[in-house]
Amino acid sequence: MAESGTLPTGFGELEVLAVGTVLLVEALSGLSLNSLTILCFCKNPELRTPSHLLVLSLALSDSGISLNALMAATSSLLRGRKKGRGEGSLVPRVSHRRWPYGSEGCQVHGFQGFATVLASICSSAAIAWGRYHHYCTRSRLDWNTAVSLVFFVWLSSAFWATLPLLGWGHYDHEPLGTCCTLDYSRRDRNFTSFLFTMAFFNFLLPLFITVISYRLMEQKLGKTGRPPVNTVLPARTLLLGWGPYALLYLYAAVADVTSISPKLQMVPALIAKAVPTVNAINYALGSEMVHRGIWQCLSPQKRERDREQ
């Protein structure tokens, strides 16, 4: 992984700035949309239902991903100065961009990012199962089940994100050197055992649940008309948003990851940081009830008319 004090090999100043700018746009977009979704859930009583609680869990986790991206963007865009050997030194003071919060800050940043990523993936699977249960069975999703699902999602995510802090896996700087994630440069038994176990329970299994739930919805509801929710985009978002990361980690487990250029290694991270925005558009803006709730939050006059009625 890249050292935190200088620009990493393979990146120039403008390239680091470009990555930081992309991260900043993704972070602000995802944070604003998901924060608006959370605000509407808190203010609109119509949205306080068991099924929408799962969407709220997703919005919270995606907000965490966006905050993590915002920290990475800030580190990429901040300019530091590399000190010379004294006041009168002839060694120039070189500008650089780096992770400014030390090794402990890197561990915290890695834990926070990893936990919210896992919570986002598992929340998407929980929403898929909840929608199947809601639309394809005779019993509606109740509060006890919804709360239990949300509790399990966050507890499981925190558990898996804690393991690298305890020695199974490891957090370190990404190739850019301005953010921290699960270290995939160590091709040892510790990394591979953690990777394959974690990927099965936190990527393959949620992806399987998501695909099967929406496929069953299509089969049952497609006979009577169009399904009331998008049954294609959620699974595609999981696969295309987190699949490149999974492939990079898989390649790192079986081959020398240094054969991939540092710039190419950063592509999965940039793709993944766009997932919160896509999720907000799909689950919040794509839902008629949530969309109406957002409009009510943004329109004080409409809220007053609704109260009078």
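**Reading helix packing and a disulfide**

Author: Helix α1 and helix α8 are roughly parallel to each other, a term for angles under 35 degrees, while over 145 counts as roughly antiparallel, 65 to 115 as roughly perpendicular and the rest as oblique. The axes of α1 (residues 13-43) and α8 (residues 275-285) cross at roughly 25 degrees and come within 8 Å. This is a predicted model, in which local features need pLDDT of at least 70 and side-chain atom pairs count only at pLDDT 80 or more, while totals for chains, interfaces and linings use all residues. Residues are numbered from 1 along each chain as its sequence is written, and side-chain values use heavy atoms, without hydrogens and water.

Reader: What are helices, strands and axes here?

Author: Helices (H or I, at least four residues) and strands (E, at least two) are DSSP runs, numbered from the N terminus. Axes are lines fitted to C-alpha atoms, for helices over the stretch in contact, and angles run from 0 to 180 degrees between N-to-C directions.

Reader: At what angle do α5 and α6 pack?

Author: Helix α5 and helix α6 (residues 233-254) pack at about 160 degrees, with axes 11 Å apart. That makes α5 roughly antiparallel to α6.

Reader: Which residues does α5 span, and how does α3 pack against α5?

Author: Helix α5 covers residues 189-221, and helix α3 (residues 102-136) packs against α5 at about 25 degrees, the axes lying 9 Å apart. That makes α3 roughly parallel to α5.

Reader: Where is the kink in α5 centred?

Author: The bend at a residue is the angle between axes fitted to the seven residues ending there and the seven starting there. In α5 a kink of about 40 degrees is centred on phenylalanine 200.

Reader: How many disulfides does a search of the whole structure find?

Author: A disulfide is a covalent bond between the sulfur atoms of two cysteines; the search criterion is a pair of cysteine sulfur atoms within 2.5 Å. The search finds 1 disulfide, which joins cysteine 106 to cysteine 180 with an S to S distance of 2.1 Å. Cysteine 106 lies in α3 and cysteine 180 in strand β4 (residues 180-182), so the pair links distant parts of the chain, 74 residues apart. The torsion about the S-S bond of cysteine 106 and cysteine 180 is about -125 degrees, so this disulfide is left-handed.
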